[in-house]
Amino acid sequence: MLLKTVSRWSVTGQMPLRLILVVPFVMQIFVAVGLTGYLGIRNSQKSINTVVSQLRSETSDRINQQILFYLEKPYLINQTIAAGISEGQIDIKDVKALEHLSWRLVNQNTVSFLQTGTPQGTSVLVERLEEGFIVARTGDADRPNRQSYRLDERGNRAELLETKLFDPRTRPWYKAAVEAGEPSWSNIFLGASGKATLSLSQPIYGETGNLLGVQHSNFRPSRIHEFLKSVKVGLTGQTFIVDRSGNIIASSLIEQPYKIQDEDLEQIPATDIENPVIRATAKAVLERFGSFSIDQSQQLDVVVDGDLQFVQISPIRDEQGIDWFSIVVVPESDFTAEIDANTRTTMLLCLAALVVATVLGIYTAQWIAQPLRRLSQSSEAMADGALDQNVELSNVRELNVLARSFNRMTQQLRGSFTQLEQTNEQLEHRVEERTADLKDTLQELQRTQAQMIQAEKMSSLGQLVAGVAHEINNPVNFIHGNVTHINEYTQNLLELLQLYQTEFPDSTPAIRDKMDEIDLEFLNEDVLKLLTSMQVGTERIRGIVTSLRNFSRLDEAQVKEVDVHEGIESTLLILQHRLKAKVNCPPTTLIRAYGDLPLVECHPGQMNQVFMNILVNALDALEESNTNRTYQAIEANPNQITIRTAVIDAEWVEVAIADNGPGMLEETRQHIFDPFFTTKPVGKGTGMGMSISYQIITEKHGGNLSCCSTVGKGTEFVIQIPVRLSCSNEKILVGTAENS
């Protein structure tokens, strides 16, 4: 029908009323839906890039600091022993004293391996074995064989294990330290325990510059590997360490990133590793920078098997020759999976809204245009001389009035023509009786008659056009304003029908057949659901559009005065699906204890982010507490979230959000605002939400964010911020939750 209308319009060049009613309505919905979807996708992508960049940088800094901390221990121990020997505080010739000192340091778990060698061939080695005990290996110039002893809990020799020929002066670590003349790290080699090992050797000189010996300690890269495994980067991110040559040192996923053949250790280049992410990342670094000789941290994007990976490479260097690089790889899919799902849902909802709007527009246009088309056809017929026209009445009041007016007009026209015909007959009789002079009078009367008919037609047509122009807008407003009344009338009719069924349960067979044919029970339920869904659907779309614009506020980066309650309500509307009842859980009770707050000067988008993080944590805690409770137990002690706002004084306001969840231990509460700290299972939380919230409140707004929790009773977060940001440097309040 609509296509035929468009076709007629293209031929005649005139736009039909039905098209005028439908096209603007559908275009408005289409533009609003498309713009909302586009802005949502673009803003989500910007947020992902910001979060991933910050996560890469913070993770890389944490890894570099920890590795340098590991490597600093052997250096400090070597420095301490070498300084004691150089200054005469430690006698390098006293083998037992030196052995006992090394045992004390190893026993304290400061290092796991210490060795001292002298130019005379004397050596003292103390090492913690994987079997759980400590051994000492000593030898001197008079006895070329080195003896290995098992030490007891006091560091005394308890058992002789083996005797083996050994001269420290022939070992690579001794020669390298003497040649370098300063502390230096060796390359990775296969230690006596069969593990990959790094050694740090330092020459010891006397006051006259003579060589007293070489202090040597070992470090196992496996400690770096264990640390990388503990660092969680997103859901499936990974980290690894390479040296300047591009060889793998350690990885969060690969247990042994090197080859061992014939008691020799061979390092594997990152470009030849089996892990596709590491291999592709290493090749991308070489293609972009030419080598791993990078002086400062760099970020780049790598595509692996069609998936985008965010990469950061940062140098790790110390003064003893370590020249490594830490590489953090975070897949984009870790952050976009949920956003893509929400985007698909939003697009489907938008498409459904567009289809519903189009159907309603076509139906409305048909409802309005049909009576007007009948009026138009009758008017054309009257213009052709067919005065016996009668327009059917419409269900629309305004159109019904217009139809009655048209019918009265046709009746008046028919009466006028009847009178004119009678007059014509009388004139004909008079013409026969009168002379030819009367023929001129008759012709004059006929001209007058034609003019009267034409004037009457033009007057009627003018009234019709004016009435149509005046009444077009009223039916549209009438339809819009009576949706609620239609719902109410339908409910009344259904209640009356149910009352009939109750008062007259024994219906006739014809009525029962008709009830079965139309499925009355389903009709009773579905009619109200259909009307409610039409009304709630439009209100929900408007509410969601208004709430997302008010919550994200990504275009409002500047400080402005806002209503805190509006931000809280927008956040609650977005989380409404988590507050509703579920199959195995009653709804969460929400208590609002709002005070009379003034407008607060703040960053609106960041404040809404804080509300979102706290409310999501509260809902997660309540859902966790429900896992071990039955539906009846939850219903007896329902989940509850309380939001309280109050004015502290003329310059400060307070927002408190509390839940009746399981609470948390004091040691957990003390770390709740630490970066990367989380109590959620692996893959569910990054540990950054509360840390970012604390930074927003304390640094961005000069306020205070505190947490008070009792095990078994719940948790409360208290936000205190100044009404004006200029007041934040004058007064910082201590949270009432901590004082309670």
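**Close-up 1. R220 and E127 form a salt bridge, their closest N and O atoms lying 3.7 Å apart.** A salt bridge here is a side-chain nitrogen of Lys or Arg within 4 Å of a carboxyl oxygen of Asp or Glu. This is a predicted model, in which local features need pLDDT of at least 70 and side-chain atom pairs count only at pLDDT 80 or more, while totals for chains, interfaces and linings use all residues. Residues are numbered from 1 along each chain as its sequence is written, and side-chain values use heavy atoms, with hydrogens and water left out. R220 sits in the loop between β9 (211-219) and α5 (222-230), while E127 belongs to strand β2, so their contact ties together parts that are 93 residues apart in sequence. Helices (H or I, at least four residues) and strands (E, at least two) are DSSP runs, numbered from the N terminus. Both R220 and E127 are buried, where buried means under 20% relative accessible area, exposed over 50%, and partly exposed in between (1.4 Å probe, protein chains only).

**Close-up 2. E127 also meets R137 in a salt bridge, at 3.3 Å from N to O.** Which strands does this pair tie together? R137 lies in strand β3 (residues 134-139) and E127 in strand β2 (residues 123-128), so the bridge joins parts that are 10 residues apart in sequence. R137 is buried, with a relative accessible area of 16%, and E127 is buried too, at 7%.

**Close-up 3. A strand and a helix are linked by the salt bridge of R157 with E99.** The closest N and O atoms of R157 and E99 are 2.8 Å apart. This pair links distant parts of the chain, with R157 in strand β5 (residues 157-165) and E99 in helix α3 (residues 95-107), 58 residues apart. Is R157 buried or partly exposed? With a relative accessible area of 35%, R157 is partly exposed, whereas E99 is buried at 5%.

**Close-up 4. F69 and Y70 make a tilted aromatic pair.** Their ring centres are 6.4 Å apart, with 45 degrees between the planes. Rings of Phe, Tyr and Trp (its six-membered ring) pair if their centres lie within 6.5 Å; planes under 30 degrees apart count as stacked, over 60 as edge-to-face and the rest as tilted. F69 is partly exposed, with a relative accessible area of 42%, while Y70 counts as buried at 11% relative accessibility. The structure holds 7 aromatic pairs.

**Close-up 5. F673 and F717 form an edge-to-face pair.** Their ring centres are 6.3 Å apart and their planes stand at 70 degrees, so the pair is classed as edge-to-face. F673 is in the loop between α18 (666-669) and α19 (689-700) and F717 is in strand β23 (residues 714-722), so-called distant parts of the chain, 44 residues apart. Both partners count as buried: F673 at 18% relative accessibility and F717 at 7%.

**Close-up 6. Acidic residues gather in a patch of negative charge on the surface.** Which residues make up the patch? They are D513, D516, D519, E521, E525 and D526. Patches are made of residues with over 30% relative accessible area and no salt bridge, with like charges joined within 9 Å and nonpolar side chains (Val, Leu, Ile, Met, Phe, Trp, Tyr) within 5 Å. Lys and Arg count as positive and Asp and Glu as negative, leaving out His and the chain ends. Helices α12 (509-518) and α13 (520-552) each supply at least two residues, and α13 gives the most, with 3. D513 is found in helix α12.

**Close-up 7. D305 has a positive phi of about 55 degrees although it is not a glycine.** Most residues other than glycine have a negative phi. Where is D305 found? D305 is in the loop between β14 (298-304) and β15 (307-317), and it is exposed, with a relative accessible area of 71%.

**Close-up 8. V356 and V26 are 330 residues apart in sequence and 9.7 Å apart in space, C-alpha to C-alpha.** V356 lies in helix α7 (residues 333-383) and counts as partly exposed, at 47% relative accessibility.

Definitions and conventions:
Areas by Shrake-Rupley, 256 points an atom, 1.4 Å probe, with all protein chains shown as cover. Charge placed at Lys NZ, Arg CZ, Asp CG, Glu CD.
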